[in-house]
Amino acid sequence: MLSKAKLWLSLAVGTLLMWSTGAHAAWELNMPRGVTQISRDTYDLHMTIFWWMIAIGVVVFGVLLWSIINHRKSKGAKPASFHESTKVEIVWTLIPFLILIAMAVPATRVLTAAYDASASDLDIQITGYQWRWEYSYLPQSADEEEVSFFSTLATSREEISNSMEKGENYLLEVDNPLVIPTDRKVRFLMTSADVLHAWWVPEFAVKKDNVPGFINESWVIVEEPGVYRGQCAELCGMDHGFMPIEVHALEPAEYDEWYAEQQQLALAEQELANAELSMDDAMAQGEEIYTASCIACHQAGGAGMPPVFPALAGSEKATGDVQVTIDTLVNGVPGTAMAAFGRQFNAVELASIITYVRNAFGNETGDLVQPADVNAIIEGGQ
Amino acid sequence: MSTSSAALDHSHDDHHHGPAKGFSRWLFTTNHKDIGSMYLWFSFAMFLLGGTFALVIRAELFQPGLQFVEPNFFNQMTTMHGLVMVFGAVMPAFVGLANWMIPLMIGAPDMALPRMNNWSFWILPFAFALMVSTLFMEGGGPNFGWTFYAPLSTTYAPSSVTYFIFAVHIMGASSIMGAINVIATILNMRAPGMTLMKMPLFVWTWLITAYLLIAVMPVLAGVVTMMLFDIHFGTSFFNAAGGGDPVLFQHLFWFFGHPEVYIMILPAFGVVSAIIPTFARKRLFGYDSMVYATASIAFLSFIVWAHHMFTVGMPLAGQLFFMYATMLIAVPTGVKVFNWVATMFRGAMTFETPMLFAIAFVVLFTIGGFTGVMLAMTPVDFQYHDTYFVVAHFHYVLVPGAVFSLMAAAYYWLPKWTGYMYDENLGKLHFWMSFVGVNLLFFPQHFLGLAGMPRRIPDYALQFANFNWISSVGAFLFGFSQLILLVVVIKCIRGGKKATDQVWEGAEGLEWTVPSPAPYHTFETPPDPSLIKDQ
């Protein structure tokens, strides 16, 4: 913990910095109106209830303030003796009750509409992982490939640790954004692979928990093409603050084009699983993935944060039997934070990560792991 | 404690014994005043500890980027801050007030179960030592939030979670014993003439609170026991892979957790209902309706728990039920606020420190109530849920709500406890610094939440920077201002202007009929029934 003096000093310096740079002056006071019918209805409800509360506040605090100013002993006020009135009590029970009914009616209407996820044009399964999102476009016919990818924070560790200027979309940018069409009903099926998460995009007024073992529904019809950003809203562990959501809403024609392209990529990826990797390619791709997905726990240089997150540099699991390394990555370590990554990456990526881990951080094993080695473990495990 | 006046009052009693000397006085005491004082000191210490955790959080959130702590430690701070403040600061402080004041208010010589009273206090320091010690263990302390949602708190928890579970069990046992004691005292030990509908509201609110405690603390004990079994004995209550249900955890937790928030606010209503009439020099406007409103709130608190879980994926009918039930709470709560305002209306007010805190309570608690009504609206809650809007809401009802009522109570009864008047100038300084600090701290958090900042994150997007640093400045102002209270209390114990028995011109009730300071033993014979007034 910091010494008090140091804390005050940093506070003072921080304040000065804030004033001098006027950095990112954002004084947003209210929620966005959003880009869907439900989000606009939600916003209107929010503003209606807000003004009701202001009105009640003005009356109640008005009487209070008036009493404080006028009914003070120092001004010679004598206390009145009125006391207890059933009539008054009934009035101030009934009026709030009627206001609440007036609010409950539109709230019920909006909620009912928001709950109607039927007749969707497109279904996307959103799976939360510690600490990234997986988007799977459910095939709508037997000859479609399932398009599925992970979406991970794209902000660099240097920006987070303040050794680099922070970009405009600091902490709200990802490597692979979710892509959806405008003007079509997109249904989201929410679940989780580990702990609870909550998928939230304010502009859609969609926030739903991702619960392991359960599937929740939500839906949008986005009316404006654009980029919409959100964050995980349910505490999901260490990097809860670092798993943002980025959605690109495209015009339907553009979306169809993108989707066809994804179909091609999905086919190509299947081919790739049988490819042979070169050492240089594996190391380069492995480092890239390590930096995006492993570094939060295992840290730069594979130092880890023992005992919860073990070091990889010189560890038995990373330098011993290569089968153990593959098994650990593919199947995880039950009961610990080490997830089973076998589903999160394809065989090429898994092979690259293992090759990287077994040769970086001074783990000079010289092993080059191929996708076929990984597939052997994946298939053997099933 | 002044023993001289006690000795004078009881000089007829040859067997009278005052407090023992030294540490054994406190260790073995069965005296409600000693135990009350220990509860109050303990809760103040926990308030400073929990506040220190909060300042670590606010220091980290002062600017975007990670500056002082790692995300994992940040999560331990949010968790510990919540647990220590709820179970260590607010609840024991109200139990301390109950110990001190309930026997004095109903004309009883002591609590009904004095030995259990001793025990229920003395297990608390052990519970908290156990819990806080986890911060120094391998793998760190609890890092899953004070709501400890499974499976983050089971399968994915640090190994210290077992200590946390044991600590919660002890705290729960302490609360249940305290509650049994309060009920037994109020129902059995009222002085002749002290009918239920003549009891001061503080006694009423505590009676109802005690029932809430007895009803829900076992549920909390159950839920942490289920966690323990999931972690160590291979069960799958909350593990979906084993056929369990993570949402079940939330239903059980909030069945405890929602009444819990009323456990922390009902006694505050009682305190404010005592202070406002005193300094307005006018009877409480509607005593009966206040009692009924308290009971209604307590009843409703059992049927609204799932409003904490609107995004969890309940069926529409469930959402609607919990929305309507939650909105209903605004009605009895409104009755309370209107009654306090009607009591001040056309009174003859003076503004000593307890009154300042009480008025600030009425205003700021009501603001927290307004956001509460907004949060009750399910479709809009989808936008508010788990954001800083919620953080602002519950801190408004808990800090300038429950905590301000505790400050008010401390200033109000301090002369009765010590026999001296506290330093009014320092008290007012404490109030104004707290008032400015608390609003600077929590008001901007409404804007942060609406603009989209989730809670429990150690770092945030740049558009949240401005209100975060304002909030952090407010946090440090509020935090350090609390040391003024410590100075006031120590000064007041050591001396000052002698307090009269009545202390406050407009004060009414049995506690003001005994000397100041209250002798070690009071009401060994029941008070004269003519002293017991209609409410």
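Visitor: What makes Arg455(B) and Asp386(B) a salt bridge?

Guide: This is a predicted model, where local features need pLDDT of at least 70, side-chain atom pairs count only at pLDDT 80 or more, and totals for chains, interfaces and linings use all residues. Side-chain values use heavy atoms, with hydrogens and water left out, residues are numbered from 1 along each chain as its sequence is written, and chains are lettered from A and ligands numbered from 1 in the order in which they are written. Now the pair: a salt bridge needs a side-chain nitrogen of Lys or Arg within 4 Å of a carboxyl oxygen of Asp or Glu. The closest N and O atoms of Arg455(B) and Asp386(B) are 3.5 Å apart, so the pair passes.

Visitor: Why is this pair said to tie parts of the chain together?

Guide: Arg455(B) sits in the loop between α15 (424-451) and α16 of chain B, and Asp386(B) in the loop between α13 (378-384) and α14 (388-418), so the bridge joins parts 69 residues apart in sequence. Those element names come from DSSP runs, numbered from the N terminus: helices are H or I with at least four residues, strands are E with at least two.

Visitor: Why is Asp386(B) called buried?

Guide: Buried means under 20% relative accessible area, exposed means over 50%, and partly exposed is in between (1.4 Å probe, protein chains only). Asp386(B) has 7%, so it is buried. Arg455(B) is buried as well. Asp386(B) also has a phi near 60°, a positive value in a residue other than glycine.

Visitor: How do you know that Arg187(A) and Asp123(A) form a salt bridge?

Guide: Their closest N and O atoms are 3.1 Å apart, which is within the cut-off, so the label holds. Arg187(A) lies in strand β5 (residues 186-192) and Asp123(A) in strand β1 (residues 122-129) of chain A, so the bridge ties parts 64 residues apart. Arg187(A) has 19% relative accessible area and therefore counts as buried; Asp123(A), at 18%, is buried too.

Visitor: What makes Asp534(B) and Lys198(B) a salt bridge?

Guide: Here the closest N and O atoms are 3.7 Å apart, so the pair still meets the definition. The partners are 336 residues apart: Asp534(B) is in the segment after α16 (465-494), and Lys198(B) is in the loop between α6 (161-188) and α7 (201-232) of chain B. Asp534(B) has 55% relative accessibility, so it is exposed, while Lys198(B) has 24%, so it is partly exposed. Over all chains, the structure holds 14 salt bridges.

Visitor: Which backbone nitrogen does the side chain of Asp110(B) reach?

Guide: That of His32(B), at 3.3 Å. Asp110(B) itself is in the loop between α4 (71-106) and α5 (114-133) of chain B.

Visitor: What makes Leu328(B) part of a nonpolar surface patch?

Guide: Patch residues have over 30% relative accessible area and no salt bridge; nonpolar side chains (Val, Leu, Ile, Met, Phe, Trp, Tyr) are joined within 5 Å, like charges within 9 Å. Leu328(B) has 33%, so it is partly exposed. The patch covers about 610 Å², with Ile90(A) and Phe97(A) among its other members. Its largest share, 6 residues, comes from helix α3 (residues 86-114) of chain A. Areas come from the Shrake-Rupley method with a 1.4 Å probe, and for residues only the protein chains shown count as cover.

Visitor: Why is Glu261(A) called partly exposed?

Guide: Glu261(A) has 48% relative accessibility, so it counts as partly exposed.

Notes: A polar contact is a pair of N or O atoms within 3.5 Å; within protein, one must be able to donate a hydrogen and the other to accept it, and residues adjacent in sequence count only if both atoms are side-chain atoms.
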